Amino acid sequence: MNKAMQSKNEAGAELAPAYILAVETSCDETSVAIVKDGQEVLVNLVASQIETHKAFGGVVPEVASRQHVECITLLMQQAIEESGLAPDRLSAIAVTEGPGLVGALLVGIMAAKALAFALDKPLIGTHHIAGHIYANRLIAEIEYPAIALVVSGGHTEIVRMESEGRFEVVGRTRDDAVGEAYDKVARALGFPYPGGPHVDRAAQASETVVPLPRVWLEEGSYDFSLSGLKSAVLNLVNQSRMKGEEVDTGGIARGFQESVVEVLVGKAVRAMRQYGAKQLLLCGGVAANGGLRAELTARCEAEDIELLIPPMKYCTDNAAMIGAAAYVKWKRGELSDLSIKGEPGLSLEGWSVREQAPL
Ligand code: KG4
Ligand code: ZN
């Protein structure tokens with residue numbers, strides 16, 4: 001058992017297990033989970049709003065907040081019941097503090113504060129991206145230094161982690177996030193929201209490929225830029241339509257996917273080498289992408305890199321990952337007070353554990 005598991009203190013005495021009830025409402029999923037010691041999921045309930053937002057072709061913030069209000073208390077109650085734990089056995093209440101839609105975040109934060117206050121339990125405001133990264137802790141021990149490739153609807157980042165709970169963002173998108181670019185391309189190609197999975201399937205099924213540029217940016221940069229590629233796709237589609245030609249949907253989807261995947265994989269593997277990392281952690285909703293998984297797996301095998309990919313239920317937004325990240329703070333006694341509020345621009349680096357804090 002490694003030190004990170006912390007089931008013993010420095011003197012070797014057993015510590016009581018930590019049961020963290022976690023809440024996630026940063027976007028369009030309402031989720032409540034109970035996680036033991038940051039790694040064992042007792043219950044993870046997710047109420048998705050995708051069907052509601054489909055009608056609008058994207059997430060409508062006001063509608064998202066209202067739906068969170070409708071289900072959050074029921075989900076909390078159900079999670080406690082399903083876990084079989086008496087509420088008093090909970091060690092702490094964790095909640096996504098940011099980034100996300102401010103109105104949506106606030107619903108989870110208010111509910112978590114109320115529960116923490118009523119049960120007299122500590123509160124842990126948690127970073128959403130730290131949650132996506134620590135989803136990997138639900139399936140394996142994380143070995144540091146590690147590199148995380150975060151690919152979701154709102155984020156595209158390469159994060160270096162020198163040790164547990166310390167984050168340094170070494171690369172980020174300068175415009176669209178990967179998932180966002182997928183959804184916009186999908187819309188242009190006529191797929192319903194959220195379009196990422198449709199583009200992925202069309203790309204994998206296509207025998208043709210429309211070549212599209214690779215956007216590497218300046219030499220040595222770990223940043224990404226996806227808006228130019230997205231515009232190139234939109235131009236192709238518009239030109240074909242204006243000329244009355246049939247749009248090669250599959251070929252464009254494949255060309256787009258190959259371009260995105262090549263750059264993501266290339267930069268992640270280079271960061272692994274440059275920082276001497278032991279593991280590559282893939283996370284976020286776009287980790288579902290078949291092309292990305294296949295290419296990353298093949299490259300990591302060829303280059304002898306250990307790759308972790310959580311199962312899909314922990315890649316898309318969920319509260320279990322928030323419970324896993326919150327545990328890193330909980331065991332260091334880094335708690336929040338009841339004054340926390342939604343922070344749409346919360347910094348990941350700023351959420352790092354304090355350097356001097358004892359393990
Ligand atoms: O992480 P996530 O559930 O929500 C955010 O925190 O953003 O990611 C959702 C995003 C959406 O943009 C969706 O289109 C994209 O992930 N996505 C995919 C695939 N599955 C989901 N993108 C490409 N290929 C997929 N197979
Ligand atoms: Zn997310």
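In this predicted model, Pro99 is found in the loop that runs between strand S4 (92-98) and helix H3 (102-119). The peptide bond that leads from Gly98 into Pro99 is cis, and its omega is near -15 degrees. A cis bond also joins Tyr193 to Pro194, with omega near -10 degrees. Pro194 belongs to the loop between helix H5 (178-188) and H6. As background, most peptide bonds are trans, and most residues other than glycine have a negative phi.

**Backbone with positive phi**

Asp120 has a phi near 60 degrees, which is a positive value in a residue other than glycine. Asp120 sits in the loop between H3 and strand S5 (123-127). With a relative accessible area of 69%, Asp120 is exposed, since the cut-off for that class is over 50%.

Leu217 is not a glycine either, yet its phi is positive, at about 65 degrees. The loop between H6 and H7 holds Leu217. Its relative accessibility is 30%, so Leu217 counts as partly exposed.

Lys121 is in the loop between H3 and S5. Because its relative accessibility is 16%, Lys121 counts as buried. A polar atom of the Lys121 side chain lies 2.7 Å from the backbone oxygen of Asp88.

**The zinc ion**

Which residues coordinate the zinc ion (ligand 2)? The coordinating residues are His128 through NE2, His132 through NE2 and Asp317 through OD, at 2.0 to 2.1 Å. Along the chain, the donors of the zinc ion (ligand 2) have the spacing H-x3-H-x184-D. The two histidines, His128 and His132, are both in helix H4 and stand 4 residues apart, about one turn of the helix. His128 is buried, and His132 is buried too.

Why is the arrangement around the zinc ion (ligand 2) irregular? The 4 donor atoms subtend angles of 95 to 137 degrees, which makes it irregular. A tetrahedral arrangement of four donors would need all angles to lie between 85 and 135 degrees.

**Ligand 1**

There are 19 residues around ligand 1, and those that come nearest are Gly153, Asp183, Asp200, Gly285 and Asn289.

| Residue | Atom in the residue | Distance to an oxygen atom of ligand 1 |
|---|---|---|
| Gly153 | polar backbone atom | 2.7 Å |
| Gly179 | backbone N or O atom | 3.2 Å |
| Asp317 | polar side-chain atom | 3.1 Å |

**Aromatic rings**

A pair of aromatic rings is described by the distance of the centres and the angle of the planes. The rule that centres lie within 6.5 Å gives a count of 5 aromatic pairs.

One of them joins Tyr134 and Phe167: the ring centres are 6.3 Å apart and the planes stand at 90 degrees, so the pair is edge-to-face. Tyr134 is in helix H4 (residues 128-134), while Phe167 is in the loop between strand S7 (156-161) and strand S8 (168-172), so this pair ties together parts that are 33 residues apart in sequence. Both Tyr134 and Phe167 are buried.

Tyr222 and Tyr275 make a tilted pair, with 6.1 Å from centre to centre and 40 degrees between the planes. Tyr222 lies in the loop between helix H6 (196-205) and helix H7 (227-242), and Tyr275 lies in the loop between helix H8 (249-274) and strand S9 (279-283), so the pair ties together parts that are 53 residues apart in sequence. Tyr222 counts as buried because its relative accessibility is 4%.

Ring pairs also link Tyr134 and Phe167 with Trp351 into a cluster. Over the face of Trp351 lies Lys329, at 4.3 Å from the ring centre. Elsewhere, Lys267 lies over the face of Phe224, at 5.6 Å from the centre of the ring.

How values were computed:
Residues numbered from 1 in each chain as written. Chains lettered and ligands numbered in written order. Predicted model: local features only at pLDDT ≥ 70, side-chain atom pairs only at ≥ 80, totals over all residues. Heavy atoms only, no water. Phe/Tyr/Trp six-rings, centres within 6.5 Å; stacked < 30°, edge-to-face > 60°. Buried < 20%, exposed > 50% of the residue type's maximum accessible area, 1.4 Å probe, protein only. Lys NZ or Arg CZ within 6 Å of the ring centre and 35° of its normal. Donors = N, O, S within 2.8 Å, 3.2 Å for Na, K, Ca; no water. Tetrahedral: all angles 85-135°; square planar, octahedral: opposite > 155°, others 65-115°. Near = heavy atom within 4 Å. Polar contact = N/O pair within 3.5 Å; in protein donor to acceptor, adjacent residues only side chain to side chain.
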